[in-house]
Amino acid sequence: MPETALSVDRMTTVATGTDAPRHAALVRVTHWLTTLSFLALLVSGLEIVVSHPRFYWGETGNVLTPALFSFPIPSSRATVPTGYGYVLPDQNGWSRYLHFEAAWILVLTGALYVIWGAWSGHFRTNLLPEASDRSVQSFSRAVAQHFRFARPVAADASSYNLVQRVTYVLVIFVLFPFVIWTGLAMSPAFVSALPLTVTMLGGRQSARTLHFLASVSLVAFLLIHVVMVWFAGFGTRVMAMITGAPARTREAE
Amino acid sequence: MSPVSRRTMIRRGFAAAAGLSGLAVAERIADRYGLVPPDHGGIYGPGETLTYAAQRLLTRRSLAREFSRSQVSNPPFANETAPPSAQFTRLQADGFKEWRLAIDGLVAQPASLSLDDIKRFPVRRQITEIACEEGWSYIAEWIGTPLVDVLRAAGIMPQARYVVYRSIQPNWWESIDMADALHPQTLLAYAMNDGDLPVTFGGPLRLRVPRQLGYKSVKYITRLTATDKLESLGTGEYAWYAGI
């Protein structure tokens with residue numbers, strides 16, 4: 001059966017035996033460090049948005065200029081016209097400290113992961129779509145299969161499928177670098193040394209808006225990721241990411 | 001315990017010792033080159049130190065972006081400020097003729113300058129963006145005296161590491177390191193967009209630090225103090241370094 005052949009083939013590329021960890025130790029540690037720092041960035045980022053829940057396009061923007069979009073929520077600043085009769089307490093002190101501390105943990109964790117992933121062959125073996133899968137047809141077939149919520153095949157327990165691979169590559173190599181770039185583009189000191197990093201984005205306010213939209217995309221990924229893990233067997237998959245224990249599919253049991 | 005694991009232990013011990021002494025050396029070097037911010041302690045200290053050190057290595061001499069006259073925001077946005085103190089209102093009634101800027105601390109000749117004294121220094125005009133930590137921003141032309149000229153005239157001493165600047169408003173002060181204090185774009189601004197600096201924007205005298213967020217550009221400046229250590233940081237709960 002081709003399915004079995006494929007499974008065996010995938011097993012051998014990922015791990016040499018059934019006792020080998022589902023995820024390498026470095027993947028497990030960096031996964032949870034990224035999770036923690038991302039959640040800290042999300043909470044503190046949303047808190048900072050509350051002090052000015054309006055977004056603009058271009059170089060400048062303030063309450064005297066038209067917003068590209070805004071959120072109908074109360075604000076922690078009296079200068080923002082919200083329509084609410086009250087002002088929320090200012091929480092930007094700890095939020096800003098936490099945002100940048102978590103950003104450093106995320107960046108350092110990401111750097112370690114990328115260096116290790118390139119050096120160990122993790123990207124080549126586990127993340128880049130396999131040569132036979134690099135076509136629009138196989139991608140659309142895989143997406144269709146995904147939306148039928150087909151039971152995971154045995155191979156999925158030891159390796160990533162095509163949709164996962166493409167999504168993870170986009171998140172790791174496009175979305176995360178972009179959210180870091182747009183964040184740095186809001187730093188008046190950083191852009192004094194590298195002005196192109198903000199002018200390329202269309203200005204400071206464009207950078208802020210793109211930073212927000214990139215964060216929204218990352219939250220969307222996080223939600224879908226958790227739902228997919230839920231369908232694949234939450235306990236087993238989460239344990240595999242903690243202990244590294246090889247995941248067993250229902251077929252295998 | 002097998003000899004292999006003992007050897008491993010010894011090797012790890014050496015690695016740990018090397019790592020720790022490496023950290024100690026790194027700390028000494030970082031302190032020597034001014035890469036450790038005053039709020040380096042506490043749970044957020046590591047993040048603040050990494051940000052400050054990385055940006056100081058990258059930006060020691062870089063210039064804040066300047067814009068063309070057509071990009072000046074019209075109208076600019078005046079952020080809210082606390083009601084003016086009685087002292088401010090009294091000086092304002094007199095057209096700020098009695099406004100004084102005191103310069104003290106680690107300077108050879110402490111001084112007290114009037115606005116006219118400040119205006120006798122060479123003028124610098126620059127069109128820069130002021131960005132608030134909340135997220136909004138505007139561009140304006142700022143006209144004033146580079147802080148470096150005033151500090152040099154007062155004979156700033158080489159052991160000075162920070163300049164503390166105080167507002168006439170109670171409990172409002174900030175401080176910057178010498179990289180920003182001696183930076184050519186750090187201005188004692190007394191005019192804006194070809195008029196006197198309006199009170200709502202910090203007139204008669206505001207310190208503009210264009211490479212940091214707006215809260216470091218304190219309004220209504222009356223005192224500069226050069227110092228080699230900071231006893232407190234200013235804007236209480238906000239990060240000391242705001243180049244982000």
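**Figure 1. Two assigned domains of chain B.** In this predicted model, 48 Å separates the C-alpha centres of domain 1 of chain B and domain 2 of chain B. Domain 1 covers residues 1-32 in the domain assignment. Domain 2 covers residues 64-227. Along the principal axes, the C-alpha atoms of chain B fill a box of roughly 85 × 40 × 30 Å.

**Figure 2. Fold content and burial in chain B.** The chain holds 6 helices and 10 strands. It has 244 residues, and 39% of them count as buried. Consider the contacts in chain B between residues at least 6 apart in sequence: 68% of these join residues at least 24 apart.

**Figure 3. Strand S10 of chain B beside strand S1.** S1(B) spans residues 100-105, and S10(B) spans residues 221-227. The two strands run parallel. They are joined by 4 bridges. For a landmark, find Ile103(B), which stands opposite Leu224(B) of S10(B).

**Figure 4. Strand S10 of chain B beside strand S5.** S5(B) is formed by residues 162-167. Its pairing with S10(B) is antiparallel and runs over 6 bridges. Here the landmark is Val164(B), with Thr225(B) of S10(B) opposite.

**Figure 5. The contact between chain A and chain B.** Chain B brings 36 residues to the contact, and chain A brings 31 residues. On the chain B side, the elements that give two or more residues are helix H2 (45-59), strand S3 (124-131) and strand S4 (137-146). H2(B) gives the most, with 7 residues. By residue class, the chain B side divides into 17 nonpolar, 12 polar and 7 charged.

**Figure 6. Confidence in the predicted model.** Chain B has a mean pLDDT of 92. A pLDDT of 70 or more is reached by 98% of its residues. Where pLDDT is low, predicted coordinates should not be read in detail. For the model, ipTM is 0.89 and pTM is 0.89.

How values were computed: Residues are numbered from 1 along each chain as its sequence is written. Chains are lettered from A and ligands numbered from 1 in the order in which they are written. This is a predicted model: local features need pLDDT of at least 70, side-chain atom pairs count only at pLDDT 80 or more; totals for chains, interfaces and linings use all residues. Two residues are in contact if their C-beta atoms, placed from the backbone, lie within 7 Å. Ala, Val, Leu, Ile, Met, Phe, Trp, Tyr, Cys and Pro count as nonpolar, Asp, Glu, Lys and Arg as charged, and the others, Gly among them, as polar. Two strands pair if DSSP finds at least two bridges between them. pLDDT is the predictor's confidence in each residue, from 0 to 100. Domain bounds come from an automatic or database domain assignment. A residue is buried if 20 or more other C-beta atoms lie within 10 Å of its own, exposed if 12 or fewer, and partly exposed in between; C-beta atoms are placed from the backbone.
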